[in-house]
Amino acid sequence: MTMWREWQQGLHLQWQRSSLAQRWQTLAPRDRLALLVLGGFLILALAYLLLWQPVQRQAQAARMAFEEQRALYTYLQSRAPELRGRDLQPRSSLDPARLQGLVTASAAQQGITIERLDAEGDGALQIGLQPVPFEQLLRWVEALQAQGVSVQEAGLDRAEGNRVVARLGLRAGS
C-alpha cells in the first residue's frame, strides 16, 4: 500500500514540474472548463467510434445472417411435404457401372463443374464441386435422385456470392 502511495506522489510531483501543468495553471478558469468539456467530448466520441459503432455493425450483420437462415429454414419447411411424397414414389434403379457417366453428364448439362471425382467400391462416388449457386446444386441433386442416384453424405461450405462448395457421396440405387 505504501508503494502505491509513493508511486502516486511521485507521479503527482512529476506532473507539477511539467511544462504542461505550468501552462494549465496559467489558463483562465473559463478556458480550463472549455478544455475539460472538449476533452470529455473527445473521449465520448472516441468511445462511440471505437466501441459502440463496431458492436452495432456486428449486431446488424448477425441480424441479417439470422434472417437469411430463417428464410432458408422457411423454404426448406415449405418443400418438406413435397420431398416426403417423393420418398414414397418408386425410384428407377441404376446400374452402378453407369453411375460415373451419369453424374458427369448431368453435371455438364446443369453447368456444374466437378473438381474431384473418386470412385469407390459398391457403386459409390465421392465428388467435390467448384463453387455453384445453391439453387442450381439442389436442382442437380433432384435430377440425380430422379434417375436413381442416392446422396449418402453431403458437405457444404459457403463461398462468395451466394454460392456453395459441395462434397457429395453418391451411390447408385436407393
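Author: Arg70 and Glu67 lie three residues apart in helix H3, and so about one helical turn separates them; helices here are DSSP runs of H or I with at least four residues, strands are runs of E with at least two, and both are numbered from the N terminus. The model is a predicted one, in which local features need pLDDT of at least 70 and side-chain atom pairs count only at pLDDT 80 or more, while totals for chains, interfaces and linings use all residues. Residues are numbered from 1 along each chain as its sequence is written, and side-chain values use heavy atoms, with hydrogens and water left out.

The side chains of Arg70 and Glu67 form a salt bridge with an N to O distance of 3.5 Å, the term requiring a side-chain nitrogen of Lys or Arg within 4 Å of a carboxyl oxygen of Asp or Glu. Side chains of opposite charge can pair when their charged atoms come close. Arg70 is partly exposed at 43% relative accessibility, and Glu67 is partly exposed at 44%, where buried means under 20% relative accessible area, exposed means over 50%, and partly exposed lies in between (1.4 Å probe, protein chains only).

Helix H3 itself covers residues 29–88 and also holds Ala65, a partly exposed residue with a relative accessible area of 36%. The C-alpha atoms of Ala65 and Ala47, which are 18 residues apart along the chain, are separated by 27 Å.

A further salt bridge involves Arg79, whose closest approach to Glu142 is 2.8 Å between N and O atoms. This pair links distant parts of the chain, since Arg79 belongs to helix H3 and Glu142 to helix H5 (residues 134–146), 63 residues apart. Arg79 counts as buried at 18% relative accessibility, whereas Glu142 is partly exposed at 22%.

Elsewhere, Arg116 and Asp118 are joined by a salt bridge whose closest N and O atoms are 2.8 Å apart. Arg116 is partly exposed, with a relative accessible area of 37%, and Asp118 is likewise partly exposed, at 35%. By the rule given above, the model contains five salt bridges, including those of Arg70 with Glu67, Glu142 with Arg79 and Arg116 with Asp118.
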